[in-house]
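User: Hi, I have a structure open and some quick questions. Can we go through it together?
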Amino acid sequence: YINIWDPGAGTLSFCLQGHDCSIAGLCRIPGTDFEFASVDFESMVRVWDVRRLSCSQTFCATDRQLEKNGELEPLVPRTICAISRGRLIVGGRRIVTFDRDATNP
């Protein structure tokens with residue numbers, strides 16, 4: 001989960017739930033004041049909208065079946081970076097780039 005705090009009051013405002021394990025990275029989406037992205041240690045990426053306090057997009061940053069078969073090195077995510085509003089990079093043992101507007105990011 002991700003806690004959203006009110007810095008003026010110093011209190012917890014809301015808790016965003018959706019990840020099933022610990023979060024590896026979090027970043028702000030450029031060009032917007034209300035979106036950020038997170039990636040967890042199972043390679044699940046979530047894009048959050050703080051206006052609605054909800055997840056607006058979810059996808060897996062890797063092909064788990066190929067990793068399991070040994071055809072692809074495990075990603076082991078450690079960070080996420082938004083290089084534009086529509087493009088995200090997840091870094092770990094390898095680097096993966098995603099276009100958010102694609103049918104299958």
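User: Which residue stands opposite Trp5 in β2?

Analyst: Leu12 stands opposite Trp5 in β2. Strands here are DSSP runs (E, at least two residues), and helices are runs of H or I with at least four residues, numbered from the N terminus. A word on the source: this is a predicted model, where local features need pLDDT of at least 70 and side-chain atom pairs count only at pLDDT 80 or more, while totals for chains, interfaces and linings use all residues. Residues are numbered from 1 along each chain as its sequence is written, and side-chain values use heavy atoms, with hydrogens and water left out.

User: OK. How do β1 and β2 pair?

Analyst: In the antiparallel sense, over five bridges. Strand β1 covers residues 2-6 and strand β2 covers residues 11-16. Two strands count as paired if DSSP finds at least two bridges between them.

User: What holds paired strands together in general?

Analyst: Strands of a sheet pair through backbone hydrogen bonds, either parallel or antiparallel.

User: Back to that hairpin. How many residues are between the strands?

Analyst: Four residues lie between β1 and β2. Gly10 in this hairpin takes a positive phi near 70 degrees.

User: Zooming out: how many helices and strands does the protein chain have?

Analyst: One helix and nine strands. Along the sequence the pattern reads β-β-β-β-β-β-α-β-β-β.

User: And how compact is the chain?

Analyst: The protein chain is as compact as a globular protein of its length, because its radius of gyration is 14 Å, close to the 13 Å that the globule rule gives for 105 residues. That radius is taken over C-alpha atoms, and the rule is 2.2 Å times the number of residues to the power 0.38. Along the principal axes, the C-alpha atoms fill a box of roughly 50 × 25 × 20 Å.

User: What share of the residues is buried?

Analyst: Buried residues make up 35% of the 105 residues. Buried means under 20% relative accessible area, exposed means over 50%, and partly exposed is in between (1.4 Å probe, protein chains only).

User: New topic. Which strands form the open sheet of three?

Analyst: The order is β7-β8-β9, with antiparallel pairing. β7 and β9 stand at the edges with a single partner strand each, so one side of each has no neighbour in the sheet. Between β7 and β8 there are five bridges. In one detail of this pairing, Ser84 has Arg87 in β8 as its bridge partner.

User: How many salt bridges are there?

Analyst: The structure holds six. A salt bridge is a side-chain nitrogen of Lys or Arg within 4 Å of a carboxyl oxygen of Asp or Glu. One of them joins Glu35 and Arg85, with the closest N and O atoms 3.3 Å apart.

User: Why does that pair tie together separate parts?

Analyst: Glu35 lies in strand β4 (residues 35-40) and Arg85 in the loop between β7 (79-84) and β8 (87-91), so the pair ties together parts that are 50 residues apart in sequence.

User: Is Glu35 buried or exposed?

Analyst: Glu35 counts as buried, at 8% relative accessibility. Arg85 is partly exposed, with a relative accessible area of 42%.

User: Which residue does Glu67 pair with?

Analyst: Glu67 forms a salt bridge with Arg94, and their closest N and O atoms are 3.1 Å apart. Glu67 is in helix α1 (residues 64-68) and Arg94 is in the loop between β8 and β9 (95-99), 27 residues apart. Both Glu67 and Arg94 are buried. Elsewhere, shared partners join Glu35, Arg85 and Arg100 into one network of salt bridges.

User: What about Arg51?

Analyst: Its side chain meets that of Asp49 in a salt bridge, at 2.9 Å from N to O. Asp49 counts as buried, at 5% relative accessibility.

User: Is Cys81 buried or partly exposed?

Analyst: Cys81 is partly exposed, with a relative accessible area of 37%. Cys55 is partly exposed too, at 29%.
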